[in-house]
Every structure is written in C-alpha cells, then in structure tokens.
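Try each task before you read its solution.

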Amino acid sequence: MRKLFLVVFLICATLLGYAQYLQHVDNLLPCPLCVAQRLAYWLVGLTALLACLGNAQAIGRRIACFFMAIFATTGAVIAFRQSWLIRYPESFECGISPEEVFLNSLPFAQWWPGMFEANGDCADVDWEFLSLTISDWSFAAFAILVLMSLYVLFARHNTRQH
C-alpha cells in the first residue's frame with residue numbers, strides 16, 4: 001500500500017509542477033477554479049505522503065483514503081464546473097468573482113502567490129491537448145485519484161504490509 005500512496009503523491013506533485021510550468025513559462029494565469037483544484041491536489045498529495053511515511057495500519061490507511069477520496073471528489077467537481085463554464089461561457093459573468101476575492105484573501109495566497117493567487121478567467125481556453133482543456137484533463141486525473149483511493153478504502157487486503 002505504501003507504493004500506492006507514493007504513486008498518488010507523485011501524481012499530485014507532477015500535476016502541480018506542470019501547473020507551475022504553464023503559469024510561469026507559458027504565462028497562463030490561474031483562475032479561481034484552477035487555484036481551488038490546486039488546493040485539492042495539495043490536500044490529496046499531502047494526505048498520501050503522510051500515509052506513506054506514517055506506515056499506518058489498516059484503519060489508518062482507510063482513514064487516509066477516505067480523506068483522499070473526499071479531496072479528490074471535491075477537485076473533480078470543481079474541474080467539472082470549470083469544463084462546463086468553458087463550454088457554456090454565456091452562463092458565466094465576467095469580472096471579479098467572489099471566489100477570486102475569497103481565495104486571494106487566504107493566507108496561503110499571500111504566502112505563495114505564484115501557486116495560489118487567482119488572476120485568470122475561468123472561461124478562457126488557452127491550452128488544449130487532444131481537444132481537451134486543462135480542466136477536462138484535471139477532471140480525468142481527479143477521477144483516477146478517486147478510484148485509487150476507493151480501491152484502497154474498500155479492498156480487502158491480507159494483514160502483511162504491502
């Protein structure tokens with residue numbers, strides 16, 4: 001199980017690293033929904049790292065997986081909302097959103113603005129791969145993380161350490 005937690009952590013770290021690349025090299029500004037997804041990746045990744053390093057017994061692994069599933073599901077919902085806004089921009093009002101004001105007022109936005117400050121427009125599509133937007137790919141990644149978390153949460157494992 002420790003390997004699975006490590007894989008989840010590495011997936012989250014890689015995705016967050018790529019988000020930094022897109023922001024600082026390709027100059028794509030993160031919107032409030034992007035920042036919220038980054039927070040979800042951080043929470044999933046840190047939970048997985050703590051579970052990996054803590055070498056918890058079955059109940060501890062299940063608790064960690066429960067929280068990972070909650071955080072990943074939250075991220076998936078946010079990514080789905082952003083994908084929907086991109087496809088139906090007329091339902092989106094322009095200007096500074098309450099989410100942007102809220103996220104930018106949080107302490108971590110001042111502590112690490114390069115990661116957590118929201119300045120972009122949620123309906124902008126400046127990047128696509130295989131006709132899917134960043135939020136589409138993020139939804140897929142969160143879905144995989146949810147499935148991985150649920151696998152460990154509900155699978156029956158023998159008592160020896162994996």
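Rings of Phe, Tyr and Trp (its six-membered ring) pair if their centres lie within 6.5 Å; planes under 30 degrees apart count as stacked, over 60 as edge-to-face and the rest as tilted. The model is predicted, so local features need pLDDT of at least 70 and side-chain atom pairs pLDDT 80 or more, while totals for chains, interfaces and linings use all residues. Residues are numbered from 1 along each chain as its sequence is written, and side-chain values use heavy atoms, leaving out hydrogens and water.

**Exercise 1.** Find how many aromatic pairs the whole structure holds, then classify the pair Y41 and F142.

*Solution.* Start with the search: it finds 5 aromatic pairs. Next, take Y41 and F142: the ring centres are 4.0 Å apart and the planes lie at 10 degrees, so this pair is stacked. Now place the partners: Y41 lies in helix α2 (residues 32-54) and F142 in helix α7, so the pair links parts 101 residues apart in sequence. (Helices are DSSP runs of H or I, at least four residues, numbered from the N terminus.) Last, check accessibility: Y41, at 7%, is buried, and F142, at 0%, is buried too. (Buried means under 20% relative accessible area, exposed over 50%, partly exposed in between, with a 1.4 Å probe and protein chains only.)

**Exercise 2.** Work out whether F80 is buried or exposed, and describe how F80 pairs with F139.

*Solution.* First, the geometry: the pair is tilted, with 6.0 Å centre to centre and 55 degrees between the planes. Then the accessibility: F80, at 52%, counts as exposed, whereas F139, at 35%, is partly exposed.

**Exercise 3.** Which residues form one aromatic cluster?

*Solution.* Look for F66, F67 and F71, which form one cluster.

Notes
Helix = DSSP H or I, 4+ residues; strand = E, 2+ residues; numbered from the N terminus.
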